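Hello,

Here is the structure we talked about, with the sequence alongside. Please open both, and then read the notes below.

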Amino acid sequence: MTKNKETQIIEQEYFIELQRIKNTIKQNQNKAMIIVNSSAIINNYEIGTIINERKVWGNKYIERLSNDLKEYGSGYSYDNLNYMRKLSSEFTKEEIFEQPARLIPWFTLVKIMQKSKNHKEMLWYINQTHKNGWSRSMVLNQFKLKAYERSLIEPETSPDITTSND
């Protein structure tokens with residue numbers, strides 16, 4: 001085998017291995033994002049639960065919390081703390097800690113809570129978002145298209161039942 005041919009084979013093998021490594025990195029980055037997002041949703045639910053235990057303190061309580069939590073970043077704004085409170089009041093612990101609600105990005109979940117008319121509709125959009133891999137803009141488009149309402153009136157499709165004449 002010539003030196004040039006050996007070099008070509010080594011280069012081809014290198015690029016195959018490089019692609020495998022890149023794929024591994026992408027897969028693990030995606031897994032890490034899912035884990036981080038899941039932890040954030042659980043964190044937000046737990047914070048919302050604590051806030052809801054203190055409802056008698058009024059809106060100044062949330063405003064004060066927002067100011068006192070600034071050191072942890074912008075994720076604890078007055079509006080965001082209210083979304084956390086709403087998350088906790090709208091969903092059971094099981095609905096959040098089990099899939100798929102905790103696997104949906106936070107602001108997509110917020111949009112679903114804002115746009116839905118009831119709990120059943122929220123769960124439907126959460127499940128469809130997870131099942132179909134919808135982005136936030138796709139979810140908003142599904143609301144515009146009244147996907148949930150359409151799903152209630154569309155007939156169930158059942159497999160064809162053929163009868164045999166034996």
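**A buried serine, and what else was found**

Ser-88 has a relative accessibility of 12%, so Ser-88 counts as buried; the cut-off for buried is under 20%. Please keep in mind that this is a predicted model. Ser-88 sits in helix H3, which covers residues 78-90. Apart from neighbours within four places in sequence, Ser-88 is in contact with Tyr-45, Gly-48, Thr-49 and Asn-52.

**The chain as a whole**

The protein chain has 8 helices and 0 strands. Of its 166 residues, 26% count as buried. Among contacts with a separation of 6 or more, 61% are between residues 24 or more positions apart. The accessible surface of the chain is about 12200 Å², and 53% of that surface belongs to carbon and sulfur atoms.

An example of two residues apart in sequence is Ala-40 with Arg-102: 62 residues separate them in sequence, while their C-alpha atoms are 8.3 Å apart in space. Ala-40 belongs to helix H1 (residues 3-53) and is partly exposed, at 31% relative accessible area.

**Helix H6**

H6 runs over residues 119-132, which makes 14 residues. From first C-alpha to last, H6 reaches 20 Å, close to the 20 Å expected at 1.5 Å a residue. At the start of the helix, a side-chain oxygen of Asn-118 comes to within 3.1 Å of the backbone nitrogen of Lys-120. Just after the helix, Gly-133 takes a positive phi of about 65°.

Which residues of H6 are buried? They are Glu-121, Met-122, Tyr-125, Ile-126, Gln-128 and Thr-129. The buried residues of H6 pack against H3, helix H5 (106-115), H7 and helix H8 (147-153).

Tyr-125 also turns up from the side of H7. Gln-142, in helix H7 (residues 136-144), is in contact with Tyr-125, Trp-134 and Ala-147, leaving aside its neighbours within four places in sequence. Gln-142 counts as buried because its relative accessibility is 17%.

**Salt bridges**

How many salt bridges does the structure hold? There are 3. Side chains of opposite charge can pair when their charged atoms come close.

- Glu-63 pairs with Lys-60, with the closest N and O atoms 4.0 Å apart. Both residues are in helix H2 (residues 59-68), 3 residues apart, about one turn of the helix. Glu-63 is partly exposed at 37% relative accessibility, and Lys-60 is exposed at 61%.
- Arg-64 pairs with Asp-68, and here the closest N and O atoms are 3.7 Å apart. These two also lie in helix H2, 4 residues apart, again about one turn. Arg-64 is exposed, with a relative accessible area of 61%, whereas Asp-68 is partly exposed at 48%.
- Lys-117 pairs with Glu-149, the closest N and O atoms being 2.8 Å apart. Lys-117 is in the loop between H5 and H6 and Glu-149 is in helix H8, so this pair ties together parts that are 32 residues apart in sequence. Lys-117 is exposed, at 63% relative accessibility, and Glu-149 is partly exposed, at 25% relative accessible area.

For the two pairs within a helix, the spacing is worth a thought. An α-helix has 3.6 residues a turn, so residues three or four places apart point the same way.

Regards

Definitions and conventions: Residues are numbered from 1 along each chain as its sequence is written. This is a predicted model: local features need pLDDT of at least 70, side-chain atom pairs count only at pLDDT 80 or more; totals for chains, interfaces and linings use all residues. Side-chain values use heavy atoms; hydrogens and water are left out. Buried means under 20% relative accessible area, exposed over 50%, partly exposed in between (1.4 Å probe, protein chains only). Contact means heavy atoms within 4.5 Å. The expected span of a helix is 1.5 Å times one less than its number of residues. A polar contact is a pair of N or O atoms within 3.5 Å; within protein, one must be able to donate a hydrogen and the other to accept it, and residues adjacent in sequence count only if both atoms are side-chain atoms. Accessible areas come from the Shrake-Rupley method with a 1.4 Å probe; for residues, only the protein chains shown count as cover. A salt bridge is a side-chain nitrogen of Lys or Arg within 4 Å of a carboxyl oxygen of Asp or Glu.
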